[in-house]
Amino acid sequence: AYQPVRWALEAGYRHLDTAEGYANEAEIGKAILDSGVPREEIFIATKASSIPKGLTDIAHAADVFAFQLGQLGTDYVDLYMLHTPPQEPAQLQALWQIMERFYEEGRARALGVSNCDVKELQFILGFARIPPAY
């Protein structure tokens, strides 16, 4: 992912979309650093993948997010998304509330969902203090 991101940034692209599950955040972070483009000019969207899929315990959500930020070489992302909603509604609510904390801390400027159906989105909207922006 390193070289395509470098070329994209050189060509003027300023929106980068990645995910924990793509295993390329470190390459993207290096490409951003090497490009010389100021961080504030780049919109970075990334996604939580392992926890919603049940591969990592929710207790590690803050560590996973901190690792993602480290890999990307930034202290915040413009958009943090669920890659896919967890199967269990209680898990979905708990994870969204953790993501809201990242938002409140300024480490995620907006929250969003991916691969989410209408029923799941309505569920999130029923409890979210910070609704999905995307």
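I looked up how helices α3 and α4 cross and found the crossing right-handed, a word used when the near helix is turned clockwise from the far one by less than a right angle, with left-handed for anticlockwise. I note that this is a predicted model, in which local features need pLDDT of at least 70 and side-chain atom pairs count only at pLDDT 80 or more, while totals for chains, interfaces and linings use all residues. Residues are numbered from 1 along each chain as its sequence is written, and side-chain values use heavy atoms, with hydrogens and water left out.

**α3 and α4.** I noted that α3 covers residues 61-72 and α4 residues 89-104, and that their axes come within 10 Å and cross at roughly 45°. Helices here are DSSP runs (H or I, at least four residues) and strands likewise (E, at least two), numbered from the N terminus, and axes are lines fitted to C-alpha atoms, for helices over the stretch in contact, with angles from 0 to 180 degrees between N-to-C directions. The two helices are therefore oblique to each other, since angles under 35 degrees count as roughly parallel, over 145 as roughly antiparallel, 65 to 115 as roughly perpendicular and the rest as oblique. I then listed the contact (heavy atoms within 4.5 Å): A61, A62 and F65 of α3 meet L95, I98, R101 and F102 of α4. These residues divide into six nonpolar, no polar and one charged.

**α4 and α5.** I turned next to helix α5, residues 118-127, which packs against α4 at an angle of about 55° with the axes 11 Å apart. That makes α4 oblique to α5, and this crossing is right-handed. From α4, P89, L92, Q93 and W96 meet E120, F123, I124 and F127 of α5, and by class I recorded six nonpolar residues, one polar and one charged.

**I124.** Leaving aside neighbours within four places in sequence, I124 is in contact with L92, W96, V113, C116 and P132.

**T74.** I found T74 in the loop between α3 and β3 (79-82), and at 13% relative accessibility T74 counts as buried. Its side chain makes a polar contact with the side chain of R39 at 3.0 Å, the term meaning a pair of N or O atoms within 3.5 Å, of which, within protein, one must be able to donate a hydrogen and the other to accept it, residues adjacent in sequence counting only if both atoms are side-chain atoms.

Key: Ala, Val, Leu, Ile, Met, Phe, Trp, Tyr, Cys and Pro count as nonpolar, Asp, Glu, Lys and Arg as charged, and the others, Gly among them, as polar. Buried means under 20% relative accessible area, exposed over 50%, partly exposed in between (1.4 Å probe, protein chains only).
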